[in-house]
Amino acid sequence: MDSAVVQKVIQALDLVYSSDTSAEQRREAEAVCQQVRNDPEAPAYGFYLANPGNQYPPMVRHFGLQVVEYAIRHRWGGTSGLDAQGCIAIRDKVLELIFNLTRDDKPYIREKLVSILVMLIVRAWLSAGWTNLSEQLMQLYSQSAEGREMALSVWRTLGEEMFVYDRDPVVTIRKSHLTNGIVGALLPKAVVVELYPSGYRLSSDTTTPTTTGGKKSKAVSLVVLEPGNEEGWLLRWAQYASELTASSAGMKELGDAQETQLVAVIDTIAVYADWVPIRALVSTQLIPRLAAALLVRSDVVRRRASEALETISRRNVASGEDRDTVLLQMAQLPEALSAMAQAYGTTLPSAVDNFWDDSSEALVVARSLATACANLVILHWTRKKLDSNVLPQPEQFVELLVAMSRDARYTVAAPVWGCWGTGILKHAA
């Protein structure tokens, strides 16, 4: 690595970010930056610039991370580019930077490190000997409050890349392997064994399973379980959310740090809420735990929790023994239904001043809860060929529906009006 190149880059960045730089100077400075991105030793330059021990300003460190990101994105899989082993070497350096973050580091530095690590996970996890992702993230999760937020951000960003945005073409190529890894990482081992009794393997087992049925043998894609992660991340998040929620019992307000942490964990859960198996939602008690967050004295927490419950209410399981689970968990389970009813009551205009700092947040929560209840009716309770007695005691749920349908706020009442018309009144039962 040439120290002269490093100094040239720093000078170029000064010109790029200076308000006094002419257009010609800026073009020349950007050309210097691009030359470094294209340099065969780009990752080495990037890590040197990003290293906090070198005491470069945040803009230089961020550019160093951009150089590393560029190398991963544009050199992966080429004949002269990065292979899985190269990604593993970069991974170790990225993790070192993440573990050495301090409270003083800028949010955009943290976000870029998370983005790079997720790119590496997409390309190299479960290959080239990388089978201990949960162990590494558990070390980060247990390190400090900041480390916990970083670990949550990694899982949340990975879920978004996999199931929401679909921005990285490598996700499409490796989606099956990554999905199997995520199932094994998120779900408790007991649930994995129950759902996939002959369809899982330990991450330490590198033998490729095959079947011999039919004319040709073929590889079998199995859920991958990592030893030491038996409880699964989903349960870990749910328990953490309960701990934070319990700290606000008795309508006590959350501290800023606790609120940030609870929002982070709910947002991470929400990314996977419409994807994880229904049985995992039950085993982790996710629905009542999210419902409990509706009673926290924090506008943003209540909104995030209501939106997560709305997402779960859209789960439409047409057949199988779990088909009624979402309905029973949300419309019959006392702790969940009572929390939803109580949270809705606090959004009514007469109660808003006592419970909400922002009336628009109250409206968002009321609308999300009304939509969730309407989904429970249309997608679960009154669907075709359903036993209408699946809810043995529907009175409290129906009372909530009636109250919502009488709400003076149109955007709250409208979804429930629809469920009366298309669901309950037209159902054969």
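The model is predicted, so local features need pLDDT of at least 70 and side-chain atom pairs count only at pLDDT 80 or more, while totals for chains, interfaces and linings use all residues. Residues are numbered from 1 along each chain as its sequence is written, and side-chain values use heavy atoms, with hydrogens and water left out. Helices are DSSP runs (H or I, at least four residues), numbered from the N terminus.

**Helix α5**

- Helix α5 (residues 84-99) has 16 residues and reaches 22 Å from its first C-alpha to its last, close to the expected 22 Å; the expected span is 1.5 Å times one less than the number of residues.
- Among the buried residues of α5 are Ala84, Cys87, Arg91 and Ile98 (buried means under 20% relative accessible area, exposed over 50%, partly exposed in between, with a 1.4 Å probe and protein chains only).
- The cover over the buried residues of α5 includes α3 (42-50), α4 (58-75), α6, α7 and α8.

**Alanine 370**

- Alanine 370 sits in helix α19 (residues 359-381).
- With a relative accessible area of 0%, alanine 370 is buried.
- Leaving aside residues up to four places away in sequence, alanine 370 touches Met404, Val412, Pro415 and Val416 (contact means heavy atoms within 4.5 Å).
- Proline 415 is 45 residues from alanine 370 along the chain, and their C-alpha atoms are separated by 6.5 Å.

**The largest pocket**

- The largest pocket has a volume of about 410 Å³ (a pocket is an open set of points on a 1 Å grid over the protein atoms alone, where a 1.4 Å probe fits, with protein on both sides within 12 Å along at least five of seven lines; lining residues have an atom within 4 Å of a point).
- Of the 18 residues that line this pocket, Arg110, Glu149, Met150, Ser153 and Arg156 are the closest to its centre.
- α6, α8 (145-165) and α12 (256-272) each supply at least two lining residues, and the largest share, seven residues, comes from α8.

**Two loop residues with positive phi**

- Most residues other than glycine have a negative phi.
- Leucine 126 has a positive phi, near 70°, and lies in the loop between α6 (107-124) and α7 (133-143).
- Glutamine 285 also has a positive phi, near 55°, and its place is in the loop between α13 (278-283) and α14 (286-293).
- Glutamine 285 counts as partly exposed because its relative accessibility is 44%.

Notes:
Points joined across faces, edges and corners; volume = space filled by probe spheres on them.
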